[in-house]
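Here is a brief structural report. Keep the sequence and the 3D view open while reading.

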Amino acid sequence: MAGIEVTGNVDKWFSPKQVMISLALITICFWILEGQWCLWRTVLIVGLSFGSFTVGGLAGFLFTSYGEEAATVGKVRDWLIGGLTGLTIAKFGSIKALLLTFASGPGPKEFALTVCVAITYAGIGFFFMFFQRELILNVLLAEGRAERGRVEGTKQAGLVAQKMLAVLPPSVLSGVDDIDELVNAHKPEAENLRKLLYSDDIAGFLRQSEEAAKSGSSLDWDVVSKAAILHYYRTYYEKDGDKEVQEEKAAEWLIRALIMNPLHPDLTAKYADVLGMKRLYSETVAVLERLIESPQAPAYVEQWLGYFLLFMPDREDDAIAYSERYHQRFPDESDSLFNAASGYAQKYCKELQMGKTSDSANRSKALDLLQKALTGEPDYAETVRTEWIKPDESFACFASDQDFKKLVGLEDAKRDIAPTPSSTTDIS
């Protein structure tokens, strides 16, 4: 118990503040003693002390340079070390003459006093700056530089985020339309968004964020969330192998953001979307079904579940229910009608596989919903008749269905390309 008390008293006495006060008192006493109540002598000693302390402080500053300073100040430090070594050997006489100018009188004692003062205060200045830099100043400088770089990068990212809100149509921001459709349609809004996402400012911000994350630096929510959103929107502009890399990067930053804020609805939905891009449908559905339980869940989560549940075994009824519910809320959109039609089509194809050949209500509902969807988006008929009848697609079993062919224009397309009698005669 006594040992603890003694240690505490020693630590308190030798605190940095106490040490500085003690050195200051000792220095003042030393100046008075050596000045011998002579003003001129005291001025010379004080001047030599301050000058030596300053030289030592500058040397300590140069020797403790690091990071960005190493490329500039570090060169001065190397030059200074070599210069002082050569100067001390070659110009010792000049140094001695300089010190003697601070002596108040002739004789070896005065020279010894000036040398003692110069060396002592140069050493004090060096170690003062050395410990200040290593323990305090370098730490504050590093934090200041990191904060300055973070604020500048985050500010630019924030400006881009605001511009994105102005560029993206309200239907995309609300989730009624998908940004993928906007990009594939090559609309001016999509091109403006691409220019923003791939601007030099944003590229620099994402690069700095990546480097900070790899180095283990602490990143706050503002930086992580903006990087996650920017990487997410970039996935829609990448192609082939680059798209897969961008999807991985977007997923990484979205996970990092969700670790910091697990209940963020928008970023959770974006993470589910990225999982869907990677064809991890079971994980996508799990995230969306957990999100839809939240009262803050975006409305488009219902539409997404109506689509992604089509890839889950025996979940067609759930997909249809979500799609129909979403269409009731937004009757002007057609995507959910396509999804619901796909759900009924998949149920009909399963009936055919089970040997049921009688007229099916699922077939009728699939064709009816498909007709309504194509009424809203007639240009999508090309995709339906070329892509949706491929093996493992929703309408694969409708490839030879006459009503389906008539609905999507397959019969008209065959008549358009069929050879006429006159053309047959010309060929022969």
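The sections below go from the whole chain to single contacts.

## Overall make-up

This is a predicted model. The chain has 428 residues, and 37% of them are buried. It holds 22 helices and 0 strands.

The accessible surface comes to about 25,400 Å². Carbon and sulfur atoms account for 61% of that surface. Among contacts with a separation of 6 or more, 61% join residues 24 or more positions apart.

## The disulfide

The structure holds 1 disulfide. Cys 349 and Cys 397 form it, with their sulfur atoms 2.0 Å apart. The pair links distant parts of the chain, 48 residues apart. Cys 349 sits in helix α17 (residues 335-353). Cys 397 sits in the loop between α19 (381-387) and α20 (402-408).

The torsion about the S-S bond is about -80°, so the disulfide is left-handed. Cys 349 is buried, at 11% relative accessible area. Cys 397 is partly exposed, at 24%.

## Helix α18 and its surroundings

Helix α18 spans residues 361-376, 16 residues in total. Its first and last C-alpha atoms are 23 Å apart, close to the 22 Å expected at 1.5 Å a residue. The buried residues of α18 include Leu 367, Leu 370, Ala 373 and Leu 374. Asn 362 and Arg 363 are also among them. The buried residues of α18 pack against α17, α19 and α20.

Ser 334 lies in the loop between α16 (316-329) and α17. Its relative accessibility is 7%, so Ser 334 counts as buried. Leaving aside neighbours within four places in sequence, Ser 334 is in contact with Ala 373, Gly 376 and Glu 377.

## Salt bridges

The structure holds 16 salt bridges. One of them joins the side chains of Glu 302 and Arg 329, at 3.4 Å from N to O. Glu 302 lies in helix α15 (residues 300-308) and Arg 329 in helix α16, so the bridge ties together parts 27 residues apart in sequence. Glu 302 is buried, at 9% relative accessible area. Arg 329 is partly exposed, at 46%.

Lys 350 pairs with Glu 316, their closest N and O atoms being 3.0 Å apart. Lys 350 belongs to helix α17 and Glu 316 to helix α16, so this bridge ties together parts 34 residues apart in sequence. Lys 350 is partly exposed, at 30%. Elsewhere, salt bridges that share partners join Glu 289, Arg 315 and Asp 318 into one network. Within it, the closest N and O atoms of Arg 315 and Asp 318 are 2.6 Å apart. Arg 315 is partly exposed, at 22% relative accessible area. Asp 318 is partly exposed too, at 32%.

## Surface patch and a distant pair

Ile 255, Ile 259 and Met 260 form a nonpolar patch on the surface. Together they have about 280 Å² of accessible area. Ile 259 lies in helix α12 (residues 240-260). At 64% relative accessibility, Ile 259 counts as exposed, because the cut-off is over 50%.

Ile 124 is found in helix α6 (residues 108-167). Ile 124 counts as partly exposed, at 29% relative accessibility.

Notes:
Residues are numbered from 1 along each chain as its sequence is written. This is a predicted model: local features need pLDDT of at least 70, side-chain atom pairs count only at pLDDT 80 or more; totals for chains, interfaces and linings use all residues. Side-chain values use heavy atoms; hydrogens and water are left out. Patches are made of residues with over 30% relative accessible area and no salt bridge: like charges are joined within 9 Å, nonpolar side chains (Val, Leu, Ile, Met, Phe, Trp, Tyr) within 5 Å. Accessible areas come from the Shrake-Rupley method with a 1.4 Å probe; for residues, only the protein chains shown count as cover. A salt bridge is a side-chain nitrogen of Lys or Arg within 4 Å of a carboxyl oxygen of Asp or Glu. Helices (H or I, at least four residues) and strands (E, at least two) are DSSP runs, numbered from the N terminus. Buried means under 20% relative accessible area, exposed over 50%, partly exposed in between (1.4 Å probe, protein chains only). A disulfide is a pair of cysteine sulfur atoms within 2.5 Å. The expected span of a helix is 1.5 Å times one less than its number of residues. Contact means heavy atoms within 4.5 Å.
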